[in-house]
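Okay, everyone, thanks for coming. Let me put the model up and then we'll walk through it.

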Amino acid sequence: MTSTLEQKESAQANGAALPVVPGDCPEPTEGFLGPGGTGVEVVVLESRANAKGVLFPFLLAGFGTVAAGMVLDIVQHWDVFKQVTEVFILVPALLGLKGNLEMTLASRLSTAANIGQIDTPKELWKMITGNMALIQVQATVVGFLASIAAVVFGWIPDGHFSMDHAVLLCASSVATAFIASLVLGMIMIGVIVGSKKMGINPDNVATPIAASLGDLITLALLSGISWGLYKELESKVYVNPLVCAFFLSLLPIWIVIARRNSATREVLYSGWEPVIVAMAISSVGGLILDRTVSDPNFAGMAVFTPVINGVGGNLVAVQASRISTYLHMSGEPGDSPEPAPRRCPNPCSTFCSSDVNSRSARVLFLLVVPGHLVFLYTIHSMQGGHTTLTLIFIMFYMTAALLQVLILLYIADWMVHWMWGRHLDPDNFSIPYLTALGDLIGTGLLALSFHVLWLIGDRDSDVGD
């Protein structure tokens, strides 16, 4: 028979939850004691367990973003991307759906799995139907609003408006958001249920897989759908408005299903602010991408944009999900005896303390450089992009990536605790903001790096052609 110590070590290696049994720990944390002083479950997040539990999903997510970057590098030369450049504005907003919807779904279900809310088939089915209907509502609305933002951001600088292009953007955006969310939502549910049965912490697996598959599937769908609808503009103009109307007409069905589920009813009414604001933030990043990639001198930026944004969003989503799970072990949002932080935390407390979440932040930050080196080498080996990987380019790229993740992890530490103290569930509110900020910061820093490299003479725009 396996000893208690061996069982604990095995579970800890998987990042699983461990029960605190009286006598096992000499001084149990007061905030984790249940009624009558009995122990409750806490999540053990040791540094070595963090590295083991995160490394493989991190690399998996990274290779997914590399594949998405290779796709974007190819499709940027298609006629639809050249003639309707506003499609570039849709890219960060729709790729951000993995943060706004799929990764939020993954974090929400991971927390439910860790605290035993989907242990029975009835509870699991109820959680699945409600959450799938919810993300279809959010995906359709966000896709429609993202197309409006793309039209506005494309019209303001140029002063040119085309109704055909506007309807094309709307149909492409709504169809991509709907189909991608349906596919990714089903995958996420399978991953989380499978992780729970295998004794693996879903927080370590679900969000990275959502990030990797989300980028690739969403970008491939956007490229294929927009290309097909662009071809239809020449002979069948009615196809685009018909596609847009079809997906919008399904909204009432998903709303009714989501309202019947108590687990998603609150998010259906109150969860729109982070999703819409995150979409707007990502669209600003899309505008930066559109204006930069449209210049032939900076065409090489396209292949790296999904990589830097995907890695940053992936790491901060894992950290936010872990902090949220850690807080959920003490009760409901707002139940913590510690007051919500009114000021930004000291960076030393975020990265240098002995706190469990600080150790996790250090491990995630240390993954940035080796991870990006692997991804850059992969892009180079596949002859992707339009930029030679010189030493000075790698230095600028790594500086942008490190600065992006450093800022995001710091913001996550403050934002999750701030929302928790104000009775807001971080699983529903924090990740959309964080991943959208990752898109904006990553795209902005990458564009700045390319401009600086161009000014100092490191110019190479024909590699991979």
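Let's start with a question: over which residues does pLDDT stay under 50, with 11 contacts in the model beyond four places in sequence? That's residues 461–465. For the record, pLDDT is the predictor's confidence in each residue, from 0 to 100, and a contact means heavy atoms within 4.5 Å.

Quick housekeeping. This is a predicted model, with residues numbered from 1 along each chain as its sequence is written. Local features need pLDDT of at least 70, side-chain atom pairs count only at pLDDT 80 or more, totals for chains, interfaces and linings use all residues, and side-chain values use heavy atoms, with hydrogens and water left out.

Residues 1–49 are another stretch to watch, with pLDDT below 50 and 56 contacts in the model beyond near neighbours in sequence.

Now the overall picture. We've got 18 helices and two strands in the protein chain; those are DSSP runs, H or I over at least four residues for helices, E over at least two for strands, numbered from the N terminus. Of the 465 residues, 53% are buried, where buried means under 20% relative accessible area, exposed is over 50%, and partly exposed is in between, with a 1.4 Å probe and protein chains only. Take the contacts between residues at least 6 apart in sequence: 86% of them join residues at least 24 apart.

Let's go inside. A171 sits in helix α7 (residues 163–198), and it's buried because its relative accessibility is 0%. Leaving aside neighbours within four places in sequence, A171 contacts L229, N240, V243 and C244. Its C-alpha is 8.4 Å from that of S147, which is 24 residues away along the chain.

Q319 is another one to click on, over in helix α13 (residues 305–328). Is Q319 buried or exposed? Buried, because its relative accessibility is 3%. Not counting residues up to four places away in sequence, Q319 touches N357, S360, A361, L364 and L409.

On to the rings. Phe, Tyr and Trp (its six-membered ring) pair if the centres lie within 6.5 Å; planes under 30 degrees apart are stacked, over 60 edge-to-face, and the rest tilted. That gives 14 aromatic pairs. One of them is F393 with F450: centres 5.7 Å apart and planes at 75°, so it's edge-to-face. That pair links distant parts of the chain, with F393 in helix α17 (residues 391–421) and F450 in helix α18 (residues 426–455), 57 residues apart. Both are buried. There's also a cluster, where ring pairs link F178, F246, F247 and W254.

The accessible surface of the chain is about 19,600 Å², 65% of it from carbon and sulfur atoms; that's Shrake-Rupley with a 1.4 Å probe, and for residues only the protein chains shown count as cover. F144, I148, V152, W155, I156, F161 and M163 make a nonpolar surface patch of about 660 Å². Patch residues have over 30% relative accessible area and no salt bridge; like charges are joined within 9 Å, and nonpolar side chains (Val, Leu, Ile, Met, Phe, Trp, Tyr) within 5 Å. A salt bridge here is a side-chain nitrogen of Lys or Arg within 4 Å of a carboxyl oxygen of Asp or Glu. Helix α6 (residues 121–158) gives the most to the patch, with five residues. I148 is in helix α6, and it counts as partly exposed because its relative accessible area is 38%.
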